[in-house]
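This report concerns the pockets of one protein model. Please consult the sequence and structure shown here while reading.

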Amino acid sequence: MQNRQALPSRWKVMSETSMGRVPVGDPIPLRFDPTTKQRLEQYAAGIGPRRFGALVRVAARRLLADPDRVPQALTAARRASADARRLPWAERPLNLDPATRTRLDELARELHTDRSAIVRVALHRFLTAAGRFRHPMLREDARTDLTTRTYVYLNRSTLDRLERLISRHGDAPTAAAIRVAVRRLLDDPGDLATDLTTIGAARDLKPETLGPRSNVNFDDDLRDQLDTLAERLDSNRAELMRLAARQLLANPRDLDQAVTDEIYRGDANRAKLLARNTRRRQAAAADQLAQMPLRAPSPQGNPFGKRHVFRFDEDTKRRLEELADEYGPRRVSALLRVGIRRLIGSPCAEADLAQARRVADQARALPHDPVTLRLDSPTGARFGALAADHEATPRDLVAVAVHRFLTAPGHYKAALIDEAGASRLDEKIKVSLRPTALRDIDRLAGRHGTRLSSALVRVAVRRLLDNPGDLAGDLVTVAPAHDLRPAPRTARVDVALDDELLVHLDALADRLGSDRQELVYLAAKRILRFHHNIENRILDEMFRAPTSRKHLLAKHARREKTRRTDRGSDT
């Protein structure tokens, strides 16, 4: 620990004559992800200058104020981070002889798992203790009785380690090495159930995306509390502070007062420091007001504000340019601002947005893929009775059943195995599913064997028959859902928006649960439908300076007369 008796000159102790901040201790380097760092800086800038460190210390104190909830929150944050950074499996074909394939399938059924998980455990054990593998691998590579092919899903890092290991002897027969590992596991399964839980489910993760380092000063007591909690939870300062920052941003209550209390913690000169902070804020506001530009818009009609980029489809952009050209050259930006102001002032904005979303979804809806559902006679009778009770079609019931299953599959392996061996499936019902739902069903079924998708759909249907739940609500919200093509918005339109208009636009977006892009596109669609008698509005939007308005309007009239004459019209 550094000697606190000789502080640097920049850390002046607060006294009656020196009104500097109270020193808070040594700096600690912390790194946050870019989004969290940006939001913290925005909150800190809204409270006052150089408030980032105090805001982070407030987050740390709030985390340490309730340490009993930290373990659960830390576990949830780690799980969410792992889910977000999870890499897809690498699909690998594996040729086996019939006897080994049968032993592998029997072991998978016995442990209620799939072949891929067992192969992942086998490779982990092989890489941990490879032993003498060269001659068994060469014998495996020379075999000719490998008549059954299966596909296994492995981590890419495991394949890389395996290839590095076996390539030391020349060529890398990866498939032969995998078969050696599988045979070793089949001969000595050991505690396979535990390894399936800890090793078979492990996934490769992308590294966390963290921004540049931020140095934050922590006093000794706060740092010691943080280190004690990190040691108890097998964590570190950086991970706990990222958790504290996320919790603070999720519940930013009373931040202004909390940061002020964190900065001015001395009792002797607290009132003077707060008064100085108030005077500094007032002076900064006055300087900002004095430095605001007072110039009028240029005679060419350029509005105040920055230019913002929005994406429209080609047809909408062409129609906007044709309509804007009727009122003069380069009028698209003014035309869109008129449409935005109309949308902001419209009492029917929410209804218009909902209607626009419905129309867009209908235009981009993808057709469902046909599926044949096979059921035994008793289950078919129950299925028909449930459809009649709710006045629903078989397609809607199957859509709800598959949606519920994919949302929470749970432990379905035993039910899938039983369903795969079911017989006397006499009832055939023609239904259809969304392509994404069918793809997810195929992916789940492919982990346990080939051609099990229909059995998995039957498992979902039986779950629905055993527990209908709020079926009426799901029939309204889930059954009509379609997969959508991406919106074909590739044409770029630049619109200059001033700060006041942006504030109103963002407020409307927050109220309607939308964003700027969607609302500006809606405004463009509305102005294309209702554009009668808007020339004066466009002129008002372009020439808003009262001092030179008359001169600008006269110049605009002369320019319009010349333009219309050049077009061959005398009007």
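## Basis

This is a predicted model, in which local features need pLDDT of at least 70, side-chain atom pairs count only at pLDDT 80 or more, and totals for chains, interfaces and linings use all residues. Residues are numbered from 1 along each chain as its sequence is written, and side-chain values use heavy atoms, with hydrogens and water left out.

## Largest pocket

The largest pocket holds about 770 Å³ of space. A pocket is an open set of points on a 1 Å grid over the protein atoms alone where a 1.4 Å probe fits, with protein on both sides within 12 Å along at least five of seven lines; lining residues have an atom within 4 Å of a point. Volume is the space filled by probe spheres set on the points, which are joined across faces, edges and corners.

Of its 23 lining residues, Asp114, Arg120, Ala201, Lys413 and Arg447 lie nearest the centre of the largest pocket. Because domain 2 (87–204) and domain 4 (377–482) both contribute to the lining, the largest pocket lies between them; domain bounds come from an automatic or database domain assignment.

## Second largest pocket

The volume of the second largest pocket is about 620 Å³. Its lining comprises 22 residues, with Ala356, Val359, Ala360, Tyr521 and Lys525 closest to the centre.
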